[in-house]
Amino acid sequence: MTGSDVSPSFRLAYVPGVTPAKWVRIWNERLPDVPLTLLQVTAADAADELRGGGADAGLLRLPADRTDLSAIPLYTETTVVVAPKDHLVAAFDEVSAEDLADEIVLHPLDDTLDWARPPGRPALDRPATTADAIELVAAGIGLLIVPQSLARLYHRRDLTYRPVTGTPQSRVALSWREDRTTDLVDDFIGIVRGRTVNSTRGRRPAAGAPEKPKAKGKAAEKPREKGQAAAGRAARRTAGGARGGAARRGRPRRRS
C-alpha cells in the first residue's frame, strides 16, 4: 500500500557503524511534528526487524535477505584490516588479502562481509561478535577484517587499521517492507537521496489539488512571444528606414 494510514512517528533501525545523524537532522527540520525514533539492531537481525514491523525503515548492510523488502544502496565502504599498532601491517599504507596469508585472521559470527573464504589462517574458535574479535586483536591473537566504519566504532589506542584489497566490500542500503511504502517512508527516501524540501517526486498529489501547467506549454509560449516582438521591431525599423530614404530623395538640392 502507499500508506494513507501513517503512524504519528517514524522508526528507523540502523546497524552498528552506520551513522544516520545527518539524515535525522534534516528530518527534524522538515518534519518537526513527526518524531523519529532510532533503533540500533544487529546486522543479522535488521531485515527481520523490518519484516516484523519493528521499524518503518532501516539502514542495513548488503548482502542481506531482501525477500519482501525494497532497498536503495547508498554507499560502499572501504574494507580494512585491524591490527596492533606494533604489527608489521602498520608500516604500510595498504595491504592485500594475499599479504595476510600467513596471519591468523579472526572471523566473528556476526561478520558482515560476504566471504567465499576469509583470507589468512583461521583461529581455533570464531568470536561471537565483532566487539569480541577486537579484544582478541588487542591481545595479539590475530587480525580482523571489517568495514572501515566498524573499525572506527571499536577504535582503541593500541590498535590501528589499514585498507585491504582483494576482499569483499560492505554496501549500506536504506530498506523497508515493499507493502509498507508509506508517505513517511517516501519522505525519508527523499532525504537520503538529497531531494529538496519542495520536491514532490514520489508523493501523491492532494485530493482536489489543481494540476500544474505543463512546462512544455510555458516554454513554447515564451519563444513565440519573443519572436513576434522581434519581428515587429524589425518591421518598424524597415518601414522607418524606407520613409526616411524617400524623404531624403525628395528634397531639392541647395545651389551653391
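The legends below describe close-up views of a predicted model. Local features are reported where pLDDT is at least 70, side-chain atom pairs count only at pLDDT 80 or more, and totals for chains, interfaces and linings use all residues. Residues are numbered from 1 along each chain as its sequence is written, and side-chain values use heavy atoms, with hydrogens and water left out.

View A. Helices (H or I, at least four residues) and strands (E, at least two) are DSSP runs, numbered from the N terminus. Leu-143 counts as buried because its relative accessibility is 2%, where buried means under 20% relative accessible area, exposed over 50% and partly exposed in between (1.4 Å probe, protein chains only). Not counting residues up to four places away in sequence, Leu-143 touches residues including Val-81, Pro-84, His-87, Leu-106 and Val-137, a contact being heavy atoms within 4.5 Å. Pro-84 is 59 residues from Leu-143 in sequence, and the two C-alpha atoms are 8.2 Å apart in space.

**View B. The buried residues of helix H3 (residues 130-138).** Thr-130, Ala-133, Ile-134 and Val-137 are buried in H3. Seen down the helix axis, the buried residues fall within an arc of 105 degrees, so they line one face of H3; the arc is that of the directions from the helix axis to the C-beta atoms. These buried residues pack against strand E5 (79-84), strand E7 (105-106), E8 and strand E9 (159-165). Just after H3, Gly-140 takes a positive phi of about 80 degrees.

**View C. The salt bridge between Glu-77 and Arg-61.** A salt bridge is a side-chain nitrogen of Lys or Arg within 4 Å of a carboxyl oxygen of Asp or Glu, and a search of the whole structure finds eight of these salt bridges. In the pair of Glu-77 and Arg-61, the closest N and O atoms are 2.5 Å apart. Glu-77 lies in the loop between strand E4 (69-76) and E5, and Arg-61 in strand E3, so the pair ties together parts that are 16 residues apart in sequence. Both Glu-77 and Arg-61 are buried.

**View D. The salt bridge between Arg-156 and Glu-135.** The side chains of Arg-156 and Glu-135 meet at 3.1 Å, N to O. Arg-156 lies in the loop between helix H4 (148-153) and E9, and Glu-135 in helix H3, so the pair ties together parts that are 21 residues apart in sequence. Arg-156 is partly exposed, with a relative accessible area of 27%, and Glu-135 is partly exposed at 45%. Glu-135, Arg-156 and Asp-158 are linked in a network of salt bridges.
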